[in-house]
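Trainee: Please put the model on screen and take me through its chains and their contacts.

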Amino acid sequence: MNSFNSNRLIDWALKLYVLLSFGFIFAPIAASFVFSFNVDRFPSLPLGGFSMIWYEAVWADPLIWEGLRNTLIAGVVVSALATAIGFGAAYTDFRYKFFGKSVYMALALLPPTIPVVILGLAMLAFLSNISLSGAIYSVIIAHVVMCAPFAMAICRLRLSQMDPSLEAAAWNLGASEWMAMRHVIIPFCKPAIFAALFITMAVSFDEFAVAWFVSGLNETLPVKVLGFLQGQVSPRINVIGTFVFIASMTLVVLAQILLMRRSGTPATTSAAAPADIGVVTP
Amino acid sequence: MTDQALVVFDGVAKRFGNFVAVEKLNLEIRKGEFLAIMGSSGCGKTTTLRMLAGLEAPSEGEIRLDGKRINDLPTWNRDTPMVWQSLALFPFLTVRENVEFSLRMRGADKAARRRRVDKWLERMQITEFADRNVAHLSGGQRQRVALARSLVTEPQILLLDEPLSALDAHLKVRMQSVLSNLQRELGITFVYVTHSQSEAFSMADRVVIMSRGRIEQIGNPQEIYRAPRTKFVAEFLGSSNIFAGEVSNVSEAAVKISTPAGEFDVVPNAAKPLSKGNKATFVVSDDRLHLSNRPPEDRLNRLQASVVGEEFVGATAVIHLEGAERIEIKVQKSHDELEQLNLEPGAQVWVSWRPDATHILPGE
């Protein structure tokens with residue numbers, strides 16, 4: 001009986017630990033969420049009463065709408081471009097052996113390891129040198145560089161679960177290389193491609209530092225938020241924070257669902273996906 | 001079966017960097033035959049098959065299909081479908097869509113596709129699973145889907161790369177009979193790559209044994225079993241005792257070969273004329289050796305050996321013995337016969353065999 005009791009103790013301790021970790025992570029977000037509905041000007045307890053005034057204020061602010069528009073345009077274009085590039089890089093890695101491949105792979109995975117301030121500064125210097133800075137497409141270029149490695153990692157993982165003879169089997173059954181790509185490789189990678197679209201969109205959506213450097217007057221939403229904070233502390237920040245959080249989480253959760261779904265692959269291979277992706281999600 | 005060649009390998013070699021996978025291969029595959037290519041892993045059998053399928057390009061030589069050079073024909077234009085070791089079924093497609101795949105890639109119209117697919121689903125007895133995902137089928141059912149998928153274009157040749165290796169023993173035997181019946185009924189050429197002697201010998205009309213990128217022997221199963229050409233083949237088949245030595249005397253009826261284990265009478269082999277002083281190797285199958293505790297008759301080949309141990313095989317047992325000069329000998333006997341003898345490890349016994357139970361290896 002003794003061992004039974006001590007096991008239960010460890011069990012409870014671990015549960016508590018997990019609970020505390022989640023509390024630590026989510027408490028500030030929850031606070032922001034709660035205060036976004038609070039009528040008071042400053043976030044303090046006790047709460048002053050439920051109100052939608054800050055939501056109305058945000059709704060009425062054309063600057064925020066402009067930031068949101070920029071964020072959405074950048075997010076959609078970035079996710080499409082980064083996923084296309086990431087998938088191409090992952091397929092190259094899967095299909096070909098060539099001289100300098102390890103260098104190619106290292107370079108392809110490098111961007112997320114560079115501190116964002118350095119990346120942002122470098123992007124600004126480079127883009128202004130070729131007169132591409134200060135516009136929405138500057139943000140897009142910078143974000144594609146940052147996001148493509150995530151897309152590649154996701155597609156690569158999926159390709160590693162593929163029976164290596166699958167593509168050759170398609171050729172052998174009369175499919176040319178392009179047809180095999182269209183009818184075998186892409187359908188097989190479909191869940192990973194959608195997951196990559198969502199994840200890269202989420203990364204672009206709430207990326208701040210690099211966008212701050214390169215966006216100029218075409219600020220994205222996170223950059224606008226900093227502008228607010230510098231001027232005044234307004235509960236409108238809580239409203240935007242809540243919105244950005246819900247949008248990003250929706251995208252990440254969608255990606256996780258896609259990656260966790262079996263989608264017809266042997267059960268043994270799909271288990272590895274969610275854990276590994278967890279590492280790369282922002 | 002006709003003797004007309006469907007496929008000709010003419011001096012075909014395949015190198016991967018410095019590694020020679022296949023060396024100057026000359027092989028004719030006849031129309032309508034069941035040919036097995038057998039060998040241990042890395043012997044070049046799969047590379048040979050992949051070159052025929054168009055998945056590897058030969059480094060040298062020419063491959064002809066129906067008299068036409070196909071070296072540079074991409075695999076998708078060949079119609080040399082292959083059944084893969086992993087089966088390589090498309091996991092995101094249903095059974096029907098898998099079978100339909102090659103017709104769709106070749107642009108067959110919808111009605112024709114449906115007719116052809118229905119026919120092959122029926123024929124492979126998988127109609128009831130047509131709309132199921134292939135991941136939800138058993139091993140035997142998946143095998144049938146793979147066969148239907150390859151045969152749906154009704155090709156003149158089917159390539160099989162160890163397709164039964166993942167099945168359990170019982171299912172394997174059942175699929176073997178499915179395959180040989182199918183081949184007989186369709187009358188098309190099957191080229192079957194395997195490392196399993198029982199698969200090759202039970203199904204094939206002719207067997208090719210390969211080793212280190214070269215053909216060691218081609219022949220029908222009985223021929224190969226009774227008259228291996230080289231030491232490699234004899235060892236690969238695994239049931240032979242091999243003796244190597246020098247010819248000490250030649251007469252009409254018998255050749256005397258002197259080996260480290262003793263001097264033995266051997267029947268001459270027309271394929272290997274020998275004269276005194278030649279090196280020669282002969283084999284005796286393990287079921288043709290006799291054991292006794294008393295010395296056998298003089299006219300028999302005989303030697304004394306000590307018992308190393310006994311290996312239980314099922315209905316029979318294999319006794320491992322060691323003769324003079326540490327020569328290894330194995331003898332296969334029924335349990336009844338063995339009970340009559342003293343076979344304690346270390347015991348001395350007489351091993352004997354008739355001269356006509358021997359076979360001189362012509363390739364050594």
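Mentor: Two residues are in contact if their C-beta atoms, placed from the backbone, lie within 7 Å. This is a predicted model, where local features need pLDDT of at least 70, side-chain atom pairs count only at pLDDT 80 or more, and totals for chains, interfaces and linings use all residues. Residues are numbered from 1 along each chain as its sequence is written, chains are lettered from A and ligands numbered from 1 in the order in which they are written.

Trainee: Which helix gives the largest share of the side of chain B that touches chain A?

Mentor: The contact pairs 18 residues of chain B with 19 residues of chain A. Helices are DSSP runs (H or I, at least four residues), and strands are E runs of at least two, numbered from the N terminus. Three residues, the largest share on the chain B side, come from residues 95–105, helix α2 of chain B.

Trainee: How many residues on that side of chain B are nonpolar?

Mentor: Ala, Val, Leu, Ile, Met, Phe, Trp, Tyr, Cys and Pro count as nonpolar, Asp, Glu, Lys and Arg as charged, and the others, Gly among them, as polar. One residue is charged and four are polar on the side of chain B that touches chain A; the nonpolar count is 13.

Trainee: How many Å separate the centres of the two domains of chain B?

Mentor: An automatic or database domain assignment supplies the bounds. Domain 1 of chain B covers 5–226 and domain 2 covers 231–360. Taken over C-alpha atoms, their centres are separated by 39 Å.

Trainee: How many residues does domain 2 of chain B bring to the contact?

Mentor: Domain 1 of chain B brings seven residues. For domain 2 of chain B, the number is four.
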